[in-house]
Structures are given as C-alpha cells and as structure tokens.
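Please keep the structure in view while reading.

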Amino acid sequence: MSSIQAALLAIDSFIWGPPLLILLVGTGIYLTARLGLLQVLRLPLALRLVFGRDQGQGKAGDVSSFAALCTALSATIGTGNIVGVATAIKLGGPGALFWMWMAAFFGMATKYAECLLAVKYRVTDANGQMAGGPMYYLERGLGSRPLAKLFALFGIGVAFFGIGTFPQVNAISDAMTLSFAVPREATAVVLTLLVGLVTLGGIRSISSVSSKVVPFMALFYIVSCLGVLVANASALPDAVSLVLTSAFTGQAATGGFVGAGVMLAIQSGVARGVFSNESGLGSAPIAAAAAKTDSCVEQGLVSMTGTFFDTIIICTMTGLTLVVTGVWSGDLSGAAMTTAAFAQGLNPHVGQYLVSIGLLFFAFTTILGWNYYGERCTEYLFGVKAIKPYRLTYLALVASGAFLHLDLIWLLADIVNGLMAVPNLIGLIGLRHVVVAETRAFFARRDSAEPEGETQTA
C-alpha cells in the first residue's frame, strides 16, 4: 500500500506542479491582456448583473443567472476555503495569501472565458434541459470529441470518488461527531436523505437550495471572520503588511531559506487558490450553461464574480483570521488551525462551533454542486437514460463516505481534478479568438447604446 501511495504522491506532485500551475495562471494572464483588464473594468457591471432584477425571464435556460452562479459557488465554496487556506499558509507562510489573490485575479478572466463558451455552445438535451460545459465547446467549438469525452470522464471521476463525495461526507461526519457527539451512522443516514431529496429533483431543485444556502453560509462565515478581525483590529495592519512582504521575502511556518520560502509561498498559494475557485478546471461552466440568458458575455461576467466571492473575499477572511491571531506559526494545521484562530479570536467554545457549522454548510453544498457536474458529464457520455442510475450511485457513495479512510482517495481525487484542467485549457486556448470577438462585439454595441444582444445567441 505504501508503494501505491508513494506512486500516487509522485503523480499528484507532477500534475499539480509548475507546468499545470503556469498553464492555468498563464492562460489567465493572456486572457486578461486580450480582454483589456475586463475583471477590473467590468466588475461593477458584473455585480449589477448578479444582483439585478432581470434574471432571465422569458429567455432560454433552466434557472436564473443568479441561481446558476450559486450552483457553481456551492461546489467551489467548500472545505478548501477553511482547510485549503490553512494548508497554504502553513506551507508557504502568510505570503501564500497574496499569491492566492494573484491566482484569483487572473482566474477571473479564465472563469469569464470558460463560462462564456459554455453558454455559446450549449445544447438542449432529450429531457428538454440545457446541457453545456467544456465537453460541448470542445466538441462543437474546437471540433475535438476525444478531448470532450476525456473531460467528461475525469468529471465523473471527481464527482464519484473525489471532491463530490468522500472528503465532504467525512468533513461533515467529523464535525458532527467532534462538536455535537452525533454518531457517524446517524450522520450518514440523514445526509444521504437530504442529498437525495435535493438532487433527485435535478438542476432546478439544486439551484433552488443553493440560491438560499450559499448566500446564507457565505454571510455567516464572513461575519464570523469579521468578529475575529474586529477583536484583533490593532493587529490587522501588521498582518496585511506581513502578507505583502512575506510574499516576496519568504516566511514559511515550516522554515527554510529565503528563496525556497518564496517559491513555496507562490506554489502553495497559487495551487490552493486555483483549487478553491476552480478557475480553468472546467467545472463552473457546466452550471453556467443552465442559466436563463440570451447573452453568453453577460453570463460570463456573472460567473466571473464567483472567483471574486470565493477567493478575494472568503479565502481572504480565513487567511487574515489565521494571521492576526498568530496561529499560522503554531503546530496546528488544516481545520484545527482555523478552529484555533476562532477560539483565540472570539471564544474557545464558540470558535469550535463556528468552524464546524461552516464546514457543515460548505461541505453539504459542495456535494450538491458536484452531483450536478457529474450528472451532466454522465449525460454527455451515455445519454439521458444514464442520469437516474448515476444519481442512485452518487447517493450510495455519499452513504458510504463517512466510513472510508481517505488517504488514497484524496490523492486520486487531486489527480483527476488536475487532469480535468488539461482538456479544458486546450479548449480555452484554441477558442480564445471566439471569446475576444464575442466580448468586443458585445461591448461595442453596448457602448454605442445599440440594442443589447449578440452576434450568435445560444
């Protein structure tokens, strides 16, 4: 078993090593330049579209743009926002948070592009529902069905055996056992029933729950973090200064010489940032394709804000909480480190419950979001007749997840998740001119006050 684990570790380190990270961030840098800093200059418009009254009434699609965004956020805002940030800062020091910001900044352009393409190349399936995502723009836009099938296969793997089920179920089980003394068996039964009630209803049911739970859980967690930051307000300026300076000088909790510290900060920050907001991995476009919209550009803008909310806001809250309380330099790691930050910043008992409740919501919604992603990938490969067997299999995996040991499964999930990005990035690079052309045409019409629309609607 140790030799298998060692081999998987080597594969994981290679896949999530510099080549993929450079490709992910490099694609974002390229798109940022070609789109003229769209994630900055058009962010106010994007936020107006998210919270505006026009949510796609009378337009083609299954759910509102806001509901599609919440479905995508339900999958991205997860344990990574609590555990992933702590891991990055533990390895790379406070400077890792800065590099998470950089990954998110350029990742917003990537998220915009992939979700624009998702709406442009989406189709209506045999059940009358919208189907889209990397597999469709790889096939219909790039003309590569083999790459499309490869992406779908990796997507099902991540949903079944990785991010979608086992790690999230274990996080919920651990939180319920440690904080509320609830037996794992009871957690498994209740969780399976809840997931079944939501997911068997398809995208409309998932998006309806996500639209209610995601804003609540995000606000709950942000307010909790603000409580710690306000209580430690005097330490906040020094914490921000430490994040900025150690990003270029290196100050990892694990020690090491300066050059190694800087590289570790960059690698851990970028890797965890990408893993958290999933920009470039190709998951969010699957949810974006279901939006009620006749504008692929507008949906791209709406989806782009997901990276902003996930990393720029929520991960920042976690990171600053860890730094102002000083727990980042201690012996704890992962969720235990974040729990210690809340316990120290607020109250020992309150802190434990806040993190546990946050994990519960974050993990539950991730299960819902990845159920939908895997379902769409299954439908692409095997047709609508495979949707029901997929859902039942997913529920069975959720039910068993509380009792499994995750060392190898986490590694497999990490590997397959990284592999998802490869065909998706090939698609983004190959279709970059489509993204630029659609964007320029849309804003040329908008800026000249002509009727909004697009050269090609979905």
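## Basis

This is a predicted model, in which local features need pLDDT of at least 70 and side-chain atom pairs count only at pLDDT 80 or more, while totals for chains, interfaces and linings use all residues. Residues are numbered from 1 along each chain as its sequence is written, and side-chain values use heavy atoms, with hydrogens and water left out.

## Second largest pocket

The second largest pocket has a volume of about 230 Å³. Of its 15 lining residues, Leu73, Val214, Pro215, Ala218 and Phe309 are the closest to its centre. On a 1 Å grid over the protein atoms alone, a pocket is an open set of points with protein on both sides within 12 Å along at least five of seven lines, and lining residues have an atom within 4 Å of a point. Points are joined across faces, edges and corners, and a volume is the space filled by probe spheres set on them.

At least two lining residues come from each of α4 (43-51), α5 (65-76), α12 (202-231) and α16 (296-324); α12 gives the most, with 5 residues. Helices are DSSP runs (H or I, at least four residues) numbered from the N terminus. The lining of this pocket divides into 15 nonpolar, no polar and no charged residues. Here Ala, Val, Leu, Ile, Met, Phe, Trp, Tyr, Cys and Pro count as nonpolar, Asp, Glu, Lys and Arg as charged, and the others, Gly among them, as polar.

## Cavities

There are 3 cavities of 30 Å³ or more, a cavity being a set of grid points where a 1.4 Å probe fits but cannot get out. The largest cavity holds about 70 Å³ of space. Its lining includes Leu24, Met102, Phe106, Thr110 and Ser279.

Helices α2 (18-34) and α7 (95-120) each supply at least two residues of that lining, and the largest share, 5 residues, comes from α7. By class, the lining of the largest cavity has 6 nonpolar, 5 polar and no charged residues.

## Crossing of α11 and α18

The axes of α11 (residues 184-199) and α18 (residues 348-382) come within 11 Å and cross at roughly 45°. Axes are lines fitted to C-alpha atoms over the stretch in contact, with angles from 0 to 180 degrees between N-to-C directions.

Leu191, Leu194, Val195, Val198 and Thr199 of α11 make the contact with Phe364, Ile367, Leu368 and Asn371 of α18 (heavy atoms within 4.5 Å). This contact has 7 nonpolar, 2 polar and no charged residues.
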